Amino acid sequence: MEERVNCKLGDLFEFEYGKGLPKKQRNEAGNYPVYGSNGIVGFHDEYLIEGPAIIVGRKGAAGEVAFEKKNLWPIDTTYFIKVPSSLDFMFSFFLLKSLVLSQLDKSTAIPGLNRNDAYNLNISLPPLPEQRAIVSKIEQLFSELDNGISNLKLVQEQLKVYRQAVLKKAFEGNWEIVTIGDKFDFIGGGTPSKKEPKYWNGEIPWCSVKDIKGKYLHSTIDKITNEGLKNSASNLAKVDEVILVTRISPGKAIIAKTETAINQDLKIIKPKFKSIPLFVYYLFNSLENQYVKLSSGTTVLGINLTNLKSIPIPNIPFGQQQTIVHEIETRLSVCDKIEQDIAENLEKAEALRQSILKKAFEGKLLNEKELAEVRGAEDWEPAEVLLKRIKAEKAGKK
């Protein structure tokens, strides 16, 4: 008999439907976690199923995979899987993660996973001792990978502190102190009605907080029509105007490199004096900590216009703005390169994680020595025998 056996995912698992639980019945004081398609969405005083179980996203974050060792309540946007006793639980979890079930989504609206599509996936099932060895090797490699990721994120945080220190230093000096309101006006934005399809998917970029990344804004995720612009509170930022986030992530700023409409979480900065866009950009970025201190809100953090305009700033003449910009960019150029390298390495780390899973379930993760040790285990048996026992266990539960 072959040590491994080919089968279908549906030969191993049953994807059971979760059960709806209204949001008002979820709370933080409950004893049992409530799982949605993208993880824990609250807690409840009762549980739907006993743990351990694997949870798979059915609607929304379709194909996302999580596990819970305790009793839990999976809601109706999920499937839950009670792993057969003949299979290693963590092996089952890593197997499902390796399959990238989100790729099976065929919907045109809300992402969804049809369990029958998952059932038809081909699987190479190893013997139980090899399953345990695969889990051990994955956890070892993931632990090393997580340590590397933690170190990269630590450097990211240190660079943020350094960046803020550079900006703070650049605007210190024997300048006259004024307020933001003395030197700048602001124009807010809005959102066209989502109920009017004719307002959306036009040719006008429409900027929201999710588009505020980096120094320059070249494009947006969403676009609106001229009619949408005219029938909403949205306003247009011109090329080279600076856009400031005042709600959700107050303090972040970006320079528009295309004419774009903005939503209600943003403000277009309008200088009352002759200025360089990069100077305005760096000035407002240097004040990020002050925005946060002056922000409020129980659910969404935001700074109101009165508090924003009250923030003190140096009154720097136009002739010295370019010097300040040059000094900042000289010091931050190395910082930018390091941050770019970190971002690329973090992406590579996630790709490596998936590569480890792929090799594990193709039978390429364990070396010959590790496989020889597996074959000497007391409970070793060909996977074909294991598969028959799993099928018998599943049939007995129906």
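Okay, let's start with glutamate 68, which sits in strand 6, residues 65–68; strands here are DSSP E runs of at least two residues, helices are H or I runs of at least four, and both are numbered from the N terminus. Quick caveat: this is a predicted model, where local features need pLDDT of at least 70, side-chain atom pairs count only at pLDDT 80 or more, and totals for chains, interfaces and linings use all residues. Residues are numbered from 1 along each chain as its sequence is written, and side-chain values use heavy atoms, with hydrogens and water left out.

Buried means under 20% relative accessible area, exposed over 50%, partly exposed in between, with a 1.4 Å probe and protein chains only.

Leaving out residues up to four places away in sequence, glutamate 68 touches Pro33, Tyr35, Gly51, Pro52, Ala53 and Ile55; touching means heavy atoms within 4.5 Å.

Two of those, glycine 51 and proline 52, are joined by a cis peptide bond, omega about 5 degrees. Proline 52 is in the loop between strand 4 (39–44) and strand 5 (53–57).

Last one: isoleucine 248 is not a glycine, yet has a positive phi of about 75 degrees. Isoleucine 248 is partly exposed, at 45% relative accessible area.
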